[in-house]
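Colleague: I would like to go through this model and ask what stands behind the words used for it. Please give the cut-off each time a term comes up.

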Amino acid sequence: MKRFMTILLAGLTAASLLASCGGSSSSSSSSSEAASDSSAAGASAEASSEGESTEATGRLAEIKSKGVIVLATSPDFAPNEFEDISSGESKYVGCDIDLAQYIADYLGVDLEIQAMDFQACQAAVATGKADFSISGYAYSEERAENYEIPDLYNQQRSDEPGQVVLVHAGDESTYNSPEAFEGKTIGAQNGSLQYTLTEEQLPGATIKLVSTLGDGVLMVQNQKIDGLACSGDQARLYAEKNSDLAIADWYFDYTSQGNIILCKKGETSLVAEINKALAEVNEQDLYSGWKAEATELARSLGIEVNE
């Protein structure tokens, strides 16, 4: 009797799989091709909004079963991932860590962070020792060949500039061209991307070195400098919190390509679920807020920030 019931159950399971295989294969193929360009993020968001479900297979099924997803990261790249020991205990923080936690919460599992060097992170994913890796990766054809890559994150929004000048509110419209900055003093951090952009694109301006963005903001507010060169997401955060600050109408000619997550080749079911979480992150512009907060935390701890 037990053997009969086993055969009967197996038959029912096989029939169920045959009935559902058409939908799951189309979902897998679309997600594995998603990282080839930034337009795929929109397709993922659309599929996510329609409430499509992804069957928990392969590594995704293991993650759900264990209740834990393992992240490989190299915590030496602030504000993306870095170590905070200010409380007396080591804690890994940063906007990439916030993203990883969001994905874990979306999947309904705990996040386990494994810190290692940058190259080891990639090997850990390829060999299956980690479920995924987030560590400030840029997209490349080589990575696309060797890993499953979910949709891009940390992309520059098409309707907002990536690198800007923060000025005193009321002055933003007067700064509408590079010539408008002639003879003006612009704050920037030494060795930063913003310093280079100011030097190259605003040759008529004088650069005033600032130790932190917070110091630069105070200098703009007290009109000790005419503007502060900083990233668009950071500038928007400061402008939202301070009514006496605004973003200049002119902004730097610079476009960020965004970052990627690495998953083991063939794990398309996991990638499809990560894409759903990323669609929420991108639609709500969550990452820019995490990045601005992580940048300020890193600088308050005296950690050098990579721009």
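**Terms and their cut-offs**

Modeller: Contact here means heavy atoms within 4.5 Å. This is a predicted model, in which local features need pLDDT of at least 70 and side-chain atom pairs count only at pLDDT 80 or more, while totals for chains, interfaces and linings use all residues. Residues are numbered from 1 along each chain as its sequence is written, and side-chain values use heavy atoms, with hydrogens and water left out.

Colleague: Why is Q122 called buried?

Modeller: Buried means under 20% relative accessible area, exposed means over 50%, and partly exposed lies in between (1.4 Å probe, protein chains only). Q122 has 9%, so it is buried. Q122 sits in helix α5, residues 118-126; helices (H or I, at least four residues) and strands (E, at least two) are DSSP runs, numbered from the N terminus.

Colleague: What makes C95 and C121 count as buried, and how many disulfides are there?

Modeller: C95 has 0% relative accessibility, so it counts as buried, and C121 is buried at 0% as well. A disulfide needs a pair of cysteine sulfur atoms within 2.5 Å, and the search of the whole structure finds 0.

Colleague: How do you know that β5 and β12 pair, and in which sense?

Modeller: Two strands pair if DSSP finds at least two bridges between them. Strands β5 (residues 132-137) and β12 (residues 260-264) have 3 bridges and run antiparallel, with Y137 opposite I260 in β12. They belong to an open sheet of 5 strands with mixed pairing, in the order β4-β1-β5-β12-β6.

Colleague: What makes β4 and β6 edge strands?

Modeller: β4 (110-115) and β6 (147-148) each pair on one side only. Helix α4 (residues 95-107) packs on this sheet and touches β1 (68-73), β4, β5 and β12, its direction making about 150 degrees with that of β5. Axes are lines fitted to C-alpha atoms, for helices over the stretch in contact, and angles run from 0 to 180 degrees between N-to-C directions.

Colleague: Why is the pair of Y287 and W290 called edge-to-face?

Modeller: Rings of Phe, Tyr and Trp (its six-membered ring) pair if their centres lie within 6.5 Å; planes under 30 degrees apart count as stacked, over 60 as edge-to-face and the rest as tilted. Y287 and W290 have ring centres 6.4 Å apart and planes at 75 degrees, so the pair is edge-to-face. The two residues are 3 apart in helix α11 (residues 286-300), which puts about one helical turn between them. Both Y287 and W290 are buried.

Colleague: Which residues form one aromatic cluster?

Modeller: Y102, Y153, Y287 and W290. Y153 lies in the loop between β6 and β7 (163-168) and is buried at 0%. Y153 and Y287 are 134 residues apart in sequence but 7.8 Å apart in space, C-alpha to C-alpha.

Colleague: How many residues does the largest nonpolar core have?

Modeller: It has 27, and those with the most contacts inside it include F132, I134 and I261. A nonpolar core is a set of buried Ala, Val, Leu, Ile, Met, Phe, Trp, Tyr and Cys residues joined through side-chain atoms within 4.5 Å. Helix α4 gives the largest share of this core, 8 residues.
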